[in-house]
Amino acid sequence: MTRSTTRTTSFDVAALAGVSQSAVSRTFTPGSSIAEETRQKVLEAAKKLNYVPNSIASSLTTKRSNIVALILGNLGNPFYVHVMHAFSRKLQENGRQVLIFTVDAGSESDDAILQVLKYQVDGVILTSAQLSTRMTSMCHDRGIPIVLFNRYIPGSDASGVRCDNPAGGRLLAEAFLAAGAKSFLIVTGDPTATTSGDRVRGFVDRLIEGGIKRADITQIEGNSSYEGAFSATLRYFSSPDAKRPDAIFGVNDIMAMGVMDALQLRLGLKVPDDLMVAGFDDIPEGRRAPYHLTTVRQPINQMVDETLAILHLDDPTRPIERGIDRPIAGRLIWRSTIPIPQDAES
């Protein structure tokens, strides 16, 4: 049995609304100029005819797809799931859609970029760590802006927006020092990622400034995951030479949560009575009662807005800006895993 369909066109809508076809097109094009009275006529006619604009046909005319590619790494970290939702929501509010690509944690993004270039996207947002300068140039040569989110790539001229990770690390070091900590364990993330390295650098620098000796600061790898941090914590404390630190910094919240569960569920230690813990990101999961984690909140909505501003999707004729590095300050969020000084903000 053959399937027979009759597709309503923009010309049908224009005829019913008593306007030109170009007015219908402007009605369904984000940012286009059109009188509100005309717009309402078009929308009413479209509703009566069950008309839905064909975005593929429109892109052939405008050379704009209203689709933005989002390349994600490490979806085991809930922070990036929340980032995906934030970008999707913001883009949809502005009449655009997001096309998701994923790469394994620690892997290069070049293959994902090659996949992206098969589609007519208006821009690329990259949250994973590794990208060659060749791939950046390929995007720019095709007029496709690419912006890094919460990271930068040394030696690349790709623009990016990030949380001020070194400053965030310093905030957590100051919180531990104010609570009286003298010895520290750091559970690090992806060694190739600037995000983890910057947080560790800011944290350690502030501890040294506060008079802490490097011998009292130990680092172990947590692989940017709950499971990695959980296992690394158990291995560390099972060593006969291990010294119990006063404080543990999980370089992201999901690792800090793995640390806490290892300490409390397997080792019988209490947080913060036996030792203190902090994370970084302020994911909703870390706010829940079993953790109530002290952390640094990344300003996701502001970072998303700044990223889209650099892409300048509403002004495609504007030259692609390169080399922008826009750090945005995070905020220390006091909860119960570090004793709160009386003068701390609530």
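Asp282 forms a salt bridge with Arg335, with 2.9 Å between the closest N and O atoms (a salt bridge being a side-chain nitrogen of Lys or Arg within 4 Å of a carboxyl oxygen of Asp or Glu). Asp282 lies in the loop between β9 (276–278) and β10 (295–297) and Arg335 in the segment after β12 (331–333), so the pair ties together parts that are 53 residues apart in sequence. Both Asp282 and Arg335 are buried (under 20% relative accessible area, with exposed over 50% and partly exposed in between; 1.4 Å probe, protein chains only). The model is predicted: local features need pLDDT of at least 70, side-chain atom pairs count only at pLDDT 80 or more, and totals for chains, interfaces and linings use all residues. Residues are numbered from 1 along each chain as its sequence is written, and side-chain values use heavy atoms, with hydrogens and water left out.

The whole structure contains 13 salt bridges. In one of them, Glu174 meets Arg206 at 3.1 Å, N to O. Glu174 belongs to helix α8 (residues 165–178) and Arg206 to helix α9 (residues 194–209), so this pair connects parts 32 residues apart in sequence. Glu174 is partly exposed, at 32% relative accessibility. A further salt bridge joins the side chains of Arg326 and Glu306 (3.0 Å, N to O). Arg326 is in strand β11 (residues 325–328) and Glu306 in helix α12 (residues 300–311), 20 residues apart. Arg326 is partly exposed at 30% relative accessible area, and Glu306 is partly exposed at 25%.

The chain has 12 helices and 12 strands (DSSP runs, numbered from the N terminus: H or I of at least four residues for helices, E of at least two for strands). Of its 346 residues, 48% are buried.
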